[in-house]
Amino acid sequence: MKSFLKMTWMEAKLFLREPMSAFFTLVFPLIYLFMYGMISGNEPTPMYGGRGTIDAAIPSLTAVIIGITGLMSTTMTMATYREKGILRRLGTTPVSPLIVLAAQVVVVFAMTTLGMLLLIAAGKLVYQVRFEGNFFSVLGGFVLSSLSFFGIGFILAGTLPTVRTAWVVAMVLLYPMMFLSGAFFSLKLLPAAIQKVSAFMPLTYVVNLLNGLWVGEPWSSHLLDVGVLAGMLLLGILITAKVFRWE
Amino acid sequence: MNPIVQVQGLRKTYGATVAVDEVSFDVKEGEIFGMVGPNGAGKTTTIECLEGLRKPDAGTLRVLGVDPQRESHILRERTGMQLQQSNLPDRMRVWEALDLYSSFYPKTADWKELLVQLGLEEKRNSPFAKLSGGQKQRLFIALALLPDPQLVFLDELTTGLDPQARHVIWDLVRDVRSKGKTVLLTTHFMEEAEQLCDRVAILDHGKIVALDTPAELIRSLGAEERIVFSVEGTLPSGFEKALSGGARVEVRGGQVTVRGKNGRKVPLVSEVVSLLTGQGIQFRDLRTEQPTLEDVFLSLTGRALRE
């Protein structure tokens, strides 16, 4: 337990010392929020079913954070730890691999949560954002989405040979996903062909689930999203358990 | 004394390459035991099999009385390991690394004392990436000493360090032994093995070609002693004949090298000097060169060991 707490605290410090990860998780989504605010304000529009742009943007930008922490932070940290022999050194101590992975998950999850809380705080203070969902439902959807995306990160870090390839693959997955999942702008604005492509983007299911729960839709209308994300999570756990090695 | 490490017929292959071929040796408690040889001789493979990091194809291994493969958790708790290729996160500070790693062991040495002992006190707040090569290695020694282990593995400890940093590390390793710990190290510097180790196994192509104390290895070679000096003008032609015991003379430019068997009745150096003074030959910069482990390696393998 002591090593788990120390490890978690250490990983949290390292996360915040890494300017890239701290920026993309905590600052970058806020910049987007304020850009939306300056362009459209938060007046109710028919496009968002009578809600404002910012109301709709918060769950969507939360999905973006999940994509970034899952694909960028988790992948890069674990791939770097493996390639540089940091895991190798840990492997010579009695510490369990489970502790190393758990500390990583806890920290990335905490940072993702912090990113979302900053969005909500800014939305509340600056744009009087409306929230019509159930707090616990949104929390549940958020936890499921985050963990299933960390799973992708662990899979990439565990299966790709070098940090460089892991980085390239993560970026190739992340960028189209951010634009074609409805995270940055509504899918309704895109041609039907592209809407079909978005069905293959895991982030689409995060965007749908979080947006739905945020406005108070029941879980029963998001069974597909939950199914896809739970499947990804399961796959992530299975593959990570299989491929995790200290080197 | 009981052997703390026992190796019987260790064999490890990677595909068609035989990395370690029928290696056997014991390490006694309290000694610094070195495995020396060129890159690819099988040193690291051997040490990693002993650490439980690699699975041998054949052979019986006992480290602290246990099988390193089956009871690797015991070794992880009770030995210190410094690996050839390992790192810490760039932004982790020195004290944080020691503090974190301390939490992994049930019983540890005081890391604050280790910090002072290893001369890292001033660097306690430096991030890992900002440390010099020597400081990084000292930190890895500190991490290896954290579990207060009976046995410490050091793999290529001083590779890439400048001579000064290397000497600092040697002193630290001697300190470790003086505290009653056993050290098993690998190196490809013959000088390091000679200076530091109580016993040395010379490895080449996965086999042990010699194993003894450095002094005994050198003596067993029956190697030559060399006397080197400079003369002004030329050496009289009868000089070589005037020396006893078949000593040979080689002249290159103004530099003369006299080679003769070790352990003669009259030391070669006094014979050379008295002959020079007797014949009134002006000479300068006379020195004697003793054979080293490097010469032992050369004579055993027919190859020079390059750094």
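1. In this predicted model, 20 residues of chain B are in contact with 17 residues of chain A. On the side of chain B that touches chain A, helices α2 (72-78) and α3 of chain B each supply at least two residues, and the largest share, four residues, comes from α3(B). Sorted by class, that side of chain B has nine nonpolar, six charged and five polar residues.

2. As for confidence, the model scores ipTM 0.87 and pTM 0.84, while chain B has a mean pLDDT of 89, with 97% of its residues at 70 or more. Among the elements of chain B, the highest mean pLDDT, 96, belongs to helix α3 (residues 94-102) of chain B, and the lowest, 81, to helix α9 (residues 239-242) of chain B.

3. Chain B is divided into domain 1, covering 3-219, and domain 2, covering 224-290; the C-alpha centres of these two domains of chain B lie 43 Å apart.

4. Chain A, by its secondary structure, has 10 helices and zero strands. Its C-alpha atoms fill a box of roughly 60 × 40 × 30 Å along the principal axes, and its radius of gyration of 18 Å agrees with the value near 18 Å that a compact globule would have with 247 residues.

5. Of the contacts in chain A between residues at least 6 apart in sequence, 78% join residues at least 24 apart.

How values were computed: Residues numbered from 1 in each chain as written. Chains lettered and ligands numbered in written order. Predicted model: local features only at pLDDT ≥ 70, side-chain atom pairs only at ≥ 80, totals over all residues. pLDDT = per-residue confidence, 0-100. Domains from an automatic or database assignment. Contact = placed C-beta atoms within 7 Å. Nonpolar A, V, L, I, M, F, W, Y, C, P; charged D, E, K, R; others polar. Rg over C-alpha atoms; globule rule 2.2 N^0.38 Å.
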